[in-house]
Amino acid sequence: MNQQHSQELFREAQRYLPGGVDSPVRAFKTVGGTPPFIVKGQGARMFDADGNEFIDYVCSWGPLIMGHSHPQVVEALKRAVERGTSFGAPTELEITLARMISTAMPSIQMLRFVNSGTEAAMTALRLARAYTKRDMIVKFAGGYHGHSDGLLAKAGSGVATLGIPDSPGVPSGYARNTLTALYNDAKAVEQLFERYSEEIAAVIVEPVAANMGVVPPQPGFLESLRSLTSRFGSLLIFDEVITGFRVAYGGAQALYSITPDLTCLGKIIGGGLPVGAYGGRRDIMEMMAPVGPVYQAGTLSGNPIAMTAGIETLKLLNQPGVYNQLENKTASLEKGIGTAAAKAGIRIYISRTASLLTVFFTADQVVDYESAKRANTEEFNRFFHVLLTEGIYWPPSQFEAAFVSFAHSDEDIQLTIRVIGKALSLLKK
Ligand code: KE4
């Protein structure tokens, strides 16, 4: 695959941007090689600076569930941009998108738009702390909720100990209030509550984990978190930045029939433009300024261009049969990969929820971050590069999700399966 122009651009980018990127995973550091510099996205495809064409399974890390440059979104954006890009004043578009979200997810009685999932999760935790007057939070190893200081923390030695920073620059004082448990281990969460009961403000969880690779909740796990937080007067925060409008139109809270107290959203609700949101129970949300004392603000929050892209995307999703087709496309991909792996004699574990999928290079079941980390990343990296060379743009990390969009045709899926079959058979050699 000719990457001469991307290589030149990557060198130049690294003069101005750390690692040549604006978000670390894009630099291909764990898989190696040169990231293609993209010039265009269309439907399920992306095109790079050297003229290479890829079937895209990153989809901007989730937002583009209807594919790149969907005509309905593009046309609406063209009209919107001619009316102005930002006013720093309220618009009806914010009401429209907020109403669509609240109708889809009734637990969200009230919400506020921000500009990223990080802002949404950061503010939801500030709000939970203010509402409960407690400082501690519980998260899960391998769970990612954006890069705010308190969330870049990992378990200290042993589970029921205070958190320690997971990145330089995070003060230990911030990290110590973050307790960590293993995903799907409700018993560990109960132990944390028994030890820190009156101090835990909230549990924040990806209702389908997707930042350690895709790891669905085991039966009873989410229900346990709901009952524990209710029992101890803490809040349950669903981080649905990935799962919101992805695993169902009503998100994971609809799929698993769990009502969280607060929900974080992002990605799809912006339709490819920067949008995040946090929302939930009215009595909690009305603590936010200017109604209540908890402060949060944002220059471009709810801007009309981003709102337009989100509104059009949700309109497209809220059509009969869309999620059935997404399910069928991804189930077909999953089946084809399984068949190809069996034929190649390669032991993999495919983990899927709806149109989220991860191929783990391990023979064992993956139920949490510890089991995910046992995957063979060297095999994954070789797999990744065969796919890229053959025109399949797979997520450049074993610990990320592949995203199938409505724009992926049956032919795209069959072509992908053939290429994956080739990649797996080459691993055998
Ligand atoms: P952003 O700040 O990147 O918009 O959202 C942070 C975030 C919050 N919650 C969940 C569950 C998330 O997955 C994310 C961000 N997801 C990553 C992909 N795993 C974004 C890709 C990247 O970091 O470049």
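The C-alpha centres of domain 1 and domain 2 lie 25 Å apart, and these two domains, whose bounds come from an automatic or database domain assignment, divide the protein into residues 4-69 + 320-427 for domain 1 and residues 71-317 for domain 2. The contact between them takes 31 residues from domain 1 and 31 residues from domain 2, where contact means heavy atoms within 4.5 Å. The model is a predicted one, in which local features need pLDDT of at least 70 and side-chain atom pairs count only at pLDDT 80 or more, while totals for chains, interfaces and linings use all residues. Residues are numbered from 1 along each chain as its sequence is written, and side-chain values use heavy atoms, with hydrogens and water left out.

The ligand lies between the two domains, because domain 1 and domain 2 both give residues to the shell around it. That shell holds 16 residues, of which S23, T118, N211, D239 and E400 are the closest; a residue is near a molecule if one of its heavy atoms lies within 4 Å of it. By class, the shell has five nonpolar, seven polar and four charged residues, where Ala, Val, Leu, Ile, Met, Phe, Trp, Tyr, Cys and Pro count as nonpolar, Asp, Glu, Lys and Arg as charged, and the others, Gly among them, as polar.

Some of these neighbours can be followed atom by atom. In the side chain of T118, an N or O atom is 2.7 Å from an oxygen atom of the ligand, whereas for D239 a side-chain N or O atom is 2.8 Å from a nitrogen atom of the ligand. E400 also places a polar side-chain atom 2.8 Å from a nitrogen atom of the ligand. Taken alone the ligand exposes 540 Å², and the protein buries 85% of that, with accessible areas computed by the Shrake-Rupley method with a 1.4 Å probe, where for residues only the protein chains shown count as cover.

Not counting residues up to four places away in sequence, Q253 touches M105, S107, F238, E240, I258, P260 and T263, and the side chains of Q253 and S107 are joined by a polar contact of 2.5 Å. A polar contact is a pair of N or O atoms within 3.5 Å; within protein, one must be able to donate a hydrogen and the other to accept it, and residues adjacent in sequence count only if both atoms are side-chain atoms.

The loops hold some backbone features to look for. S257, in the loop between helix 8 and strand 11 (262-265), has a positive phi of about 50° although it is not a glycine, and S257 is exposed, with a relative accessible area of 64%. N184 is likewise not a glycine, yet has a positive phi of about 70°; N184 sits in the loop between strand 8 (178-181) and helix 6 (186-196) and is buried at 14% relative accessible area. The peptide bond from A289 to P290 is cis, with omega near 10°, and P290 is placed in the loop between helix 9 (282-285) and helix 10 (304-317).

Key: Helix = DSSP H or I, 4+ residues; strand = E, 2+ residues; numbered from the N terminus. Buried < 20%, exposed > 50% of the residue type's maximum accessible area, 1.4 Å probe, protein only.
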